[in-house]
Amino acid sequence: MNPKELAGKKAAEYVKPGMKIGLGTGSTAFYAIHALGTKVKEGLNITCFPTSQASEELAKSLHIPLMAHHEVHRLDITIDGADEVDPSKNLIKGGGGALLREKIVGAITDLYLIIIDDSKKVERLGSFSVPVEVVPYAWQVTAGHIQELDADTTLRESDDGFFVTDNGNYILDSDFGLIKNVAELEVKLNQIPGVVCNGLFIDMADYIICGHSNGDLEVY
Ligand SMILES: O=C[C@H](O)[C@H](O)[C@H](O)COP(=O)(O)O
């Protein structure tokens with residue numbers, strides 16, 4: 001089985017009747033959402049809250065019951081992917097541009113499960129550029145502030161122009177090289193005017209569920 005599917009199916013096993021579940025975004029979360037869709041079809045009673053328009057559409061297509069925004073206060077479990085995971089379970093997220101909603105959802109979650117394949121495990125974060133969500137207004141000024149933190153920043157593009165997040169913002173993919181102090185950088189980025197969110201998820205993940213291509217599963 002595909003390692004992403006292996007991890008996604010394993011994470012779905014943690015979900016119990018009556019739970020409120022956050023749905024992550026991306027190609028790994030896709031498998032977890034499908035596994036939950038199968039359980040819902042078999043009669044599992046859960047309600048879910050998606051972290052992106054894409055995951056919302058996928059959940060709806062699988063008839064997974066969704067919560068309205070005003071109904072969401074705490075979530076029992078969130079299942080989400082990551083772009084990099086270090087040995088302390090710190091993460092880089094946002095490769096798909098869903099970082100802001102993912103961070104909001106992760107922060108109100110009791111059990112935050114991160115599902116990855118083994119290519120995402122690193123000794124130190126930073127080979128993957130840190131996605132930084134910024135307001136479009138004067139984004140070049142915001143990019144300048146990020147560059148002052150010793151980063152190369154690139155405005156993310158899509159097929160038809162600049163990439164726009166579900167929140168109407170831009171993404172500056174910011175390469176800091178291998179990051180020495182991830183907690184400090186997370187705070188520094190948040191202090192820049194114009195930055196809405198950054199893709200460093202520090203001390204948030206409870207368990208990493210990692211699928212290997214030989215079929216092994218690792219949970220830690
Ligand atoms: O914005 C996207 C999310 O943070 C994803 O969870 C992350 O990029 C990992 O995605 P994938 O499972 O497709 O590698």
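**View 1. Around the ligand of this predicted model, the shell of residues has four nonpolar, 10 polar and four charged members.** Welcome to the first close-up, which comes from a predicted model. How many residues surround the ligand? There are 18 of them, and the closest are Gly 26, Thr 28, Gly 81, Gly 95 and Gly 96.

**View 2. Helix α1 packs against helix α2.** Here you can follow α1 along residues 3-12 and α2 along residues 29-41. Their axes lie 7 Å apart and form an angle of about 45 degrees, which makes α1 oblique to α2. Is the crossing of α1 and α2 left-handed or right-handed? The crossing is right-handed.

**View 3. Residues of α1 meet residues of α2.** On the α1 side, look for Lys 4, Glu 5, Gly 8, Lys 9, Ala 11 and Ala 12. Their partners in α2 are Tyr 31, Ala 32, Ala 35, Leu 36 and Lys 39. Sorted by class, this contact of α1 with α2 has six nonpolar residues, one polar residue and four charged residues.

**View 4. The protein chain is divided into two parts, domain 1 and domain 2.** Domain 1 takes in 3-122 + 203-219, while domain 2 covers 130-197. Taken over C-alpha atoms, the centres of domain 1 and domain 2 are separated by 24 Å. In the contact between them, domain 1 supplies 12 residues and domain 2 supplies 11 residues.

**View 5. Helix α4 sits on the side of domain 1 that touches domain 2.** This helix, residues 99-107, gives the most to that side, with four residues. By class, the side of domain 1 touching domain 2 has four nonpolar, six polar and two charged residues.

How values were computed: Residues are numbered from 1 along each chain as its sequence is written. This is a predicted model: local features need pLDDT of at least 70, side-chain atom pairs count only at pLDDT 80 or more; totals for chains, interfaces and linings use all residues. Axes are lines fitted to C-alpha atoms, for helices over the stretch in contact, and angles run from 0 to 180 degrees between N-to-C directions. Helices (H or I, at least four residues) and strands (E, at least two) are DSSP runs, numbered from the N terminus. Angles under 35 degrees count as roughly parallel, over 145 as roughly antiparallel, 65 to 115 as roughly perpendicular and the rest as oblique. A crossing is left-handed if the near helix is turned anticlockwise from the far one by less than a right angle, and right-handed if clockwise. Two residues are in contact if their C-beta atoms, placed from the backbone, lie within 7 Å. Ala, Val, Leu, Ile, Met, Phe, Trp, Tyr, Cys and Pro count as nonpolar, Asp, Glu, Lys and Arg as charged, and the others, Gly among them, as polar. A residue is near a molecule or strand if its C-beta atom, placed from the backbone, lies within 6 Å of it. Domain bounds come from an automatic or database domain assignment.
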